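Please have the sequence and the model open while I talk, and I will go through a few places one after another.

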Amino acid sequence: MDQQVKKVYVAQDGTAIVICEACGRTRKLVNIQENMPGKTVRVRCGCGAHFTILLERRRYYRKRVHLPGYYSKTSAPGEQPMVVKDISLGGLRFETLEEHELKKGDVVLVRFRLDDTARTAINRPVVVRFVGHQVVGAEYFKDDPIDKALGIYLLA
Ligand SMILES: [Zn+2]
């Protein structure tokens with residue numbers, strides 16, 4: 001019988017949640033090694049079903065977007081124009097229209113609107129995790145509640 005390989009995302013802490021399609025039971029895989037993502041694993045469920053999963057490193061689904069907005073450093077006044085290029089439940093990546101002076105660890109306020117029907121306004125602080133030439137990758141704060149609208153937007 002032909003089996004479908006299901007993608008399973010590995011969290012930062014080296015765990016992954018596997019759902020058995022036969023019985024619906026969930027199982028948590030722990031201690032997934034650094035070299036495991038990209039590999040397939042055979043899983044046997046308590047119900048007797050076997051299946052194959054593909055471990056993926058990516059933590060969150062990223063949606064590619066083009067959403068113009070503004071960013072500002074919390075430590076300095078003034079907003080700068082930017083364009084959000086991709087967005088996930090964990091963070092976002094934006095391009096600045098001009099050279100930026102952001103550094104890893106900087107806290108930045110981002111302000112833009114989703115292109116959903118409600119044009120939901122996103123206005124939140126993020127932590128800079130990656131900087132490139134006019135490109136910035138940032139994460140939300142851990143205890144920041146995930147906007148419901150953003151969750152729906154990413155699933156659409
Ligand atoms: Zn099962």
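This is a predicted model: local features need pLDDT of at least 70, side-chain atom pairs count only at pLDDT 80 or more; totals for chains, interfaces and linings use all residues.

R119 is partly exposed, at 44% relative accessibility, where buried means under 20% relative accessible area, exposed means over 50%, and partly exposed is in between, with a 1.4 Å probe and protein chains only. Residues are numbered from 1 along each chain as its sequence is written, and side-chain values use heavy atoms, with hydrogens and water left out.

Back to R119, which sits in the loop between β9, residues 107-113, and β10, residues 121-132; the strands here are DSSP runs of E with at least two residues, helices are runs of H or I with at least four, and both are numbered from the N terminus. The phi of R119 is near 50°, a positive value in a residue other than glycine. Most residues other than glycine have a negative phi.

A second residue of this kind is Q134, which is not a glycine and yet has a positive phi of about 60°. Q134 belongs to the loop between β10 and β11, the latter being residues 135-140, and in that hairpin there are two residues between the strands. With 23% relative accessibility, Q134 counts as partly exposed.

In which order do the six strands close into a barrel? The order is β6-β7-β8-β11-β10-β9, and the pairing is antiparallel, where two strands pair if DSSP finds at least two bridges between them. From one strand to the next the twist averages 45°, an angle between N-to-C directions that runs from 0 to 180 degrees, with axes taken as lines fitted to C-alpha atoms, for helices over the stretch in contact.

Going through some of the pairs, β7 (residues 80-87) and β8 (residues 91-96) run antiparallel and are joined by five bridges, with I87 standing opposite L92 in β8. β8 in turn pairs with β11 over five bridges, again in the antiparallel sense, and there L92 has A138 of β11 as its bridge partner. Between β10 and β11 there are six bridges, also antiparallel, and V127 has E139 of β11 as its bridge partner. How much of β11 is buried? Five of its six residues are, so that strand is mostly covered.

Let me turn to charged side chains. Side chains of opposite charge can pair when their charged atoms come close. A search of the whole structure finds six salt bridges, each being a side-chain nitrogen of Lys or Arg within 4 Å of a carboxyl oxygen of Asp or Glu.

Because E139 lies in strand β11 and R129 in strand β10, the pair ties together parts that are 10 residues apart in sequence. E139 is partly exposed at 27% relative accessibility, and R129 is partly exposed as well, with a relative accessible area of 42%.

Another salt bridge joins D86 and R62, at 2.7 Å from N to O. This pair links distant parts of the chain, 24 residues apart, with D86 in strand β7 and R62 in the loop between β5 (50-56) and β6 (63-73). D86 is buried, with a relative accessible area of 7%, whereas R62 is partly exposed at 36%. R62 and D86 are also linked with R93 in a network of salt bridges.

Finally, the metal. Which residues coordinate the zinc ion? They are C20, C23, C45 and C47, each through its SG atom, at 2.3 Å, where donors are N, O and S atoms within 2.8 Å of the metal (3.2 Å for Na, K and Ca), and where sites may look incomplete because water is not among the atoms. The angles among the four donor atoms are 105 to 114°, and the site is tetrahedral, a term for four donors with all angles between 85 and 135 degrees. In sequence the donor residues are spaced C-x2-C-x21-C-x1-C. Among them, C20 is buried at 3% relative accessibility, whereas C23 is partly exposed, with a relative accessible area of 36%.

Key. Four donors count as tetrahedral if all angles lie between 85 and 135 degrees; four count as square planar and six as octahedral if opposite donors are over 155 degrees apart and all others between 65 and 115; anything else is irregular.
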